[in-house]
Amino acid sequence: MTDATKTARIRELNDELRTRGYAPNGRIVAMGALGQDERDKQLRVVVAAAQHSDWNSGDDPYGERDFGKFEVDGEAFIFKIDYYSLDEMHGSEHPDDPNVTIRIMTLMYATDY
C-alpha cells in the first residue's frame with residue numbers, strides 16, 4: 001500500500017468517526033470542562049465537529065483530517081483523533097487498519113488543550 005493510499009484510508013476512517021459518530025473500533029470522548037457540561041451542549045459540539053470542513057495545512061499537515069478547530073455558541077473547541085493499539089497501551093502502527101487500531105476522537109474546549 002502506498003503512502004498516499006494509507007493517508008486516504010486514514011482520512012476515510014477519521015471522517016467516518018467524525019461525521020457519523022461511529023467507526024469500527026472508534027469512539028468519541030468529551031474531555032476537560034466539556035465533559036462536565038450539559039448533554040445538550042456536548043451534542044452541539046459533536047454536531048459542529050461533524051460539520052467541520054476547514055482543512056488547512058496548519059491544522060491538517062498530513063491530510064488525515066485528525067484535528068480541527070471550530071466554534072459553538074461563540075466558544076472555541078477542538079477535536080483530535082488519535083490511534084491506539086487494541087490494548088490501548090501504545091500508539092497504533094497501522095492507523096489505516098481498523099482491525100488493529102482503536103480510533104478515539106477527543107472533543108474539548110480549545111482552552112483545555
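I began with the sheet: four strands form an open sheet in the order β1-β4-β3-β2, with mixed pairing, where two strands pair if DSSP finds at least two bridges between them, and where strands (E, at least two residues) and helices (H or I, at least four) are DSSP runs numbered from the N terminus. The edge strands, each pairing on one side only, are β1 (26–30) and β2 (67–72).

I noted that this is a predicted model, in which local features need pLDDT of at least 70 and side-chain atom pairs count only at pLDDT 80 or more, while totals for chains, interfaces and linings use all residues. Residues are numbered from 1 along each chain as its sequence is written, and side-chain values use heavy atoms, with hydrogens and water left out.

I then looked up β3 (residues 75–84) and β4 (residues 102–109), which run antiparallel and are joined by eight bridges; the bridge partner of Tyr84 in β4 is Ile102.

I searched the whole structure for aromatic pairs and found five, counting rings of Phe, Tyr and Trp (its six-membered ring) whose centres lie within 6.5 Å, with planes under 30 degrees apart as stacked, over 60 as edge-to-face and the rest as tilted.

Phe70 and Phe77 form a stacked pair, 6.1 Å centre to centre with 20° between the planes. I also recorded one aromatic cluster, formed by Trp55, Phe70, Phe77, Phe79 and Tyr109.
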